[in-house]
Amino acid sequence: MTDPLITAEELAERLGEVTLLDVRWTLQDPDAGRPDYRAGHIPGAVFVDLHHELADPSRPATEGRHPLPSIEALQRSARAWGVTTGRPVVVYDATSGMAAARAWWLLRHAGVHDVRVLDGGLAAWSGPLETGEVTAEPGDIELRYGSLPVLTADDAAAFPRIGTLLDARAGERYRGEVEPIDPRAGHIPGAVSAPTTGNIDPRGGFLEPGSIRARFQELGVDLSAPVAVYCGSGVTAAHTLLALAAAGVDGALYPGSWSQWSNLEDRPVATGPQP
């Protein structure tokens, strides 16, 4: 697999040779991404709307807040972004990869092999910015899901028996102390707390691979056994999968994540600091 990260220096050398996607989005202010993009983005970058293009938000009660888009919808979007067969893709955001990782994972799952995330995000970029919108030359990419492992709710329930299921949300949500969004507080029984913020170093980039492996081993994760990740709605869990991939570890995603699980009344919920 292609190295999933790219430095700002490498990107500067390859501008014009890659399809560049700006995936700025936060749960706290989901509509700010496009105005921020228009105000200044890396030259040539096309804006990607995470909520509407990297998800199908129409089924929150049954499939979570950010279920995967249909492959047909994703292919239409990807072609509009200019994604073309054989041309590398680089994605970035302004939140240390927390949103860009979703685009990385989704395109990889759909069969695009050369996708990389800008390490450190927009803050790492010291080159010029351009304003306004970029309209890409339409791409010709053919997409098909199935390149990466995905869990259903049943799979997530059974996963702790065969490997480690990681919960990438903040610790207080895992423990059930607060739940600002979803209908029930707590975590999937057997899951291990591993907040996504622990993947990041003080400069806002990813930890180096050895430190990533050490982090998960200290949490009790056997990296030679299967690993899967969930979060609130399947977005930031992709960030942990990206960190693991940078350290040479494959993992599976539970896309429905807590937003699906907590809506399924027959699913048990654990609280407190232990799995």
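Trainee: Which residues of β5 are buried, and on which side?
Mentor: In strand β5 (residues 115–118), V115 and V117 on one side and R116 and L118 on the other are all buried, that is, under 20% relative accessible area with a 1.4 Å probe, protein chains only. Strands here are DSSP E runs of at least two residues, and helices are H or I runs of at least four, numbered from the N terminus. This is a predicted model, where local features need pLDDT of at least 70, side-chain atom pairs count only at pLDDT 80 or more, and totals for chains, interfaces and linings use all residues. Residues are numbered from 1 along each chain as its sequence is written, and side-chain values use heavy atoms, without hydrogens and water.

Trainee: What does β4 do with β5?
Mentor: Strand β4 (residues 89–92) pairs with β5 in the parallel sense over 3 bridges; pairing takes at least two DSSP bridges. V91 stands opposite V117.

Trainee: And β1, how many bridges there?
Mentor: Strand β1 (residues 5–6) and β5 are parallel, over 2 bridges, and I6 has L118 as its bridge partner.

Trainee: Other sheet now. What is the strand order?
Mentor: The order is β7-β6-β8-β9, an open sheet of 4 strands with parallel pairing. β7 (192–193) and β9 (252–253) are the edge strands, each pairing on one side only.

Trainee: Which strands does α10 touch?
Mentor: Helix α10 (residues 237–246) packs on that sheet and touches β6 (164–167), β8 and β9, contact being heavy atoms within 4.5 Å. The direction of α10 makes about 150° with that of β8; axes are lines fitted to C-alpha atoms, for helices over the stretch in contact, and angles run from 0 to 180 degrees between N-to-C directions.

Notes. Buried < 20%, exposed > 50% of the residue type's maximum accessible area, 1.4 Å probe, protein only.
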